[in-house]
Amino acid sequence: MKTYTTRLLEKCIAEQLPGWSVVDNAIVRTYQTAGWPGTLMVVNAIAYLSEAAWHHPDLAVGYKTVTVSLTTHSDNGVTDRDIELAKIIEQTVAWRSELPLNGSSSQLT
């Protein structure tokens, strides 16, 4: 699989993945959480998505942070697989409902 050059990768990140950066031949993003329960939910969501994609990021887990590092180890760099998984992770982890979700169907009308 073709790997991204640093220049192309930085352009791609700027256009498609704000909040992510290029670090040591990988794309990296740190998510802040409210505390340990939120951290565990983020880790579990990323683990589920990664396993479904058969692609496995490096995760650094702290009390209120989760850092994701994506690279395709077998290709020694960032590939389209990393970019696509980063997009899916971003959509899932950064998603916030505009409505409070308390089970009331009247909120949807």
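Analyst: A residue is called buried when its relative accessible area is under 20%, and exposed when that value is over 50%. The model discussed here is predicted.

User: Is E90 buried or exposed?

Analyst: E90 lies in helix α3, which spans residues 80–93. The cut-off for a buried residue is under 20%. The relative accessible area of E90 is 17%, so E90 is buried.

User: With which side chain does the side chain of E90 make a polar contact?

Analyst: Leaving aside residues up to four places away in sequence, E90 touches L17, P18, W20, R29, Y31 and W95. A polar contact requires N or O atoms within 3.5 Å. At 2.5 Å, the side chain of E90 makes such a contact with the side chain of Y31.

User: How wide an arc do the buried residues of α3 cover around the axis?

Analyst: The buried residues of α3 are D82, I83, L85, A86, I89, E90 and V93. They lie on the same side of α3, because the arc they cover around the axis is only 165°.

User: Against which elements do the buried residues of α3 pack?

Analyst: E90 is one of these buried residues. The buried residues of α3 pack against α1 (6–16), β2 (26–32), α2 (36–53) and β4 (65–70).

User: Which residue in β4 stands opposite A60?

Analyst: Strand β3, residues 58–61, pairs with β4 in the antiparallel sense over 4 bridges. The two strands form a hairpin, with 3 residues between them. In β4, the residue opposite A60 is T67.

Methods: Residues are numbered from 1 along each chain as its sequence is written. This is a predicted model: local features need pLDDT of at least 70, side-chain atom pairs count only at pLDDT 80 or more; totals for chains, interfaces and linings use all residues. Side-chain values use heavy atoms; hydrogens and water are left out. Buried means under 20% relative accessible area, exposed over 50%, partly exposed in between (1.4 Å probe, protein chains only). A polar contact is a pair of N or O atoms within 3.5 Å; within protein, one must be able to donate a hydrogen and the other to accept it, and residues adjacent in sequence count only if both atoms are side-chain atoms. Contact means heavy atoms within 4.5 Å. The arc is that of the directions from the helix axis to the C-beta atoms. Two strands pair if DSSP finds at least two bridges between them.
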